[in-house]
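Biologist: I have just opened this entry and would like a guided tour. Could we begin with the terms and then go through the parts in turn?

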Amino acid sequence: MSVPLYEFRCRDCGSFDRSYSMAEVPAAADCPDCAGASRRQPGGAFVRPGSAAARLIDATTRTASEPAVVGAPAGRGGAPVTRNPLHRKLPRP
């Protein structure tokens, strides 16, 4: 079972990451360098680069500026057309 990684920011030393269970994540943690109080950065759990979640987020974000290109117009939505002359004798709905 993996534990989410959360980012904290110290005023003097910068940012660092810590692992906590989602139920026990604190709003502040001690900085590993200066032992000062550091606040948790907004955004929740850390998404690892290259993971499936990161690729999905990148693809979703990219669609705002790079929409999919349509290669051809959509096909007809009606019933298929038949060329059999016997089908003309069938009742129409």
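Modeller: A strand here is a DSSP run of E with at least two residues, and strands are numbered from the N terminus. Two strands count as paired if DSSP finds at least two bridges between them. Please keep in mind that this is a predicted model.

Biologist: Understood. Which residue in S4 is the bridge partner of Asp30?

Modeller: The partner of Asp30 is Ala37 in S4. Strand S3, residues 28-30, pairs with S4 through three bridges, and the sense is antiparallel.

Biologist: What lies between S3 and S4?

Modeller: Six residues lie between S3 and S4, and the two strands form a hairpin. Ala35, in the turn, has a positive phi of about 65 degrees.

Biologist: How many bridges join S1 to S4?

Modeller: Two bridges join strand S1 (residues 5-10) to strand S4 (residues 37-40), and these strands run antiparallel. Phe8 has Arg40 in S4 opposite it.

Biologist: In what order do the four strands stand in the sheet?

Modeller: The order is S2-S1-S4-S3, in an open sheet with antiparallel pairing. From one strand to the next, the twist averages 40 degrees.

Biologist: And what holds strands of a sheet together in general, hydrogen bonds of which kind?

Modeller: Strands of a sheet pair through backbone hydrogen bonds, in either a parallel or an antiparallel manner.

Biologist: Let us turn to the rings. How many aromatic pairs does the structure hold?

Modeller: There are two aromatic pairs. In one of them, the ring centres of Phe8 and Phe16 are 5.8 Å apart and the planes lie at 20 degrees, so this pair is stacked. In the pair of Phe8 and Tyr20, the centres are 6.0 Å apart and the planes lie at 70 degrees, so that pair is edge-to-face. The latter links distant parts of the chain, as Phe8 is in strand S1 and Tyr20 is in the loop between strand S2 (14-19) and S3, 12 residues apart. Phe8, Phe16 and Tyr20 form one aromatic cluster.

Biologist: Which residues make up the largest nonpolar core?

Modeller: The largest nonpolar core has six residues: Tyr6, Phe8, Cys10, Phe16, Ala29 and Cys31. S1 supplies the largest share of this core, three residues.

Biologist: You mention Ser38. Where is Ser38 found?

Modeller: Ser38 is found in strand S4. Ser38 is buried, with a relative accessible area of 1%. Not counting residues up to four places away in sequence, Ser38 touches several residues, among them Phe8, Phe16, Ala28 and Cys31.

Terms used: Residues numbered from 1 in each chain as written. Predicted model: local features only at pLDDT ≥ 70, side-chain atom pairs only at ≥ 80, totals over all residues. Heavy atoms only, no water. Buried < 20%, exposed > 50% of the residue type's maximum accessible area, 1.4 Å probe, protein only. Contact = heavy atoms within 4.5 Å. Phe/Tyr/Trp six-rings, centres within 6.5 Å; stacked < 30°, edge-to-face > 60°. Core = buried A, V, L, I, M, F, W, Y, C linked by side-chain atoms within 4.5 Å. Axes fitted to C-alpha atoms, helices over the stretch in contact; angles between N-to-C directions.
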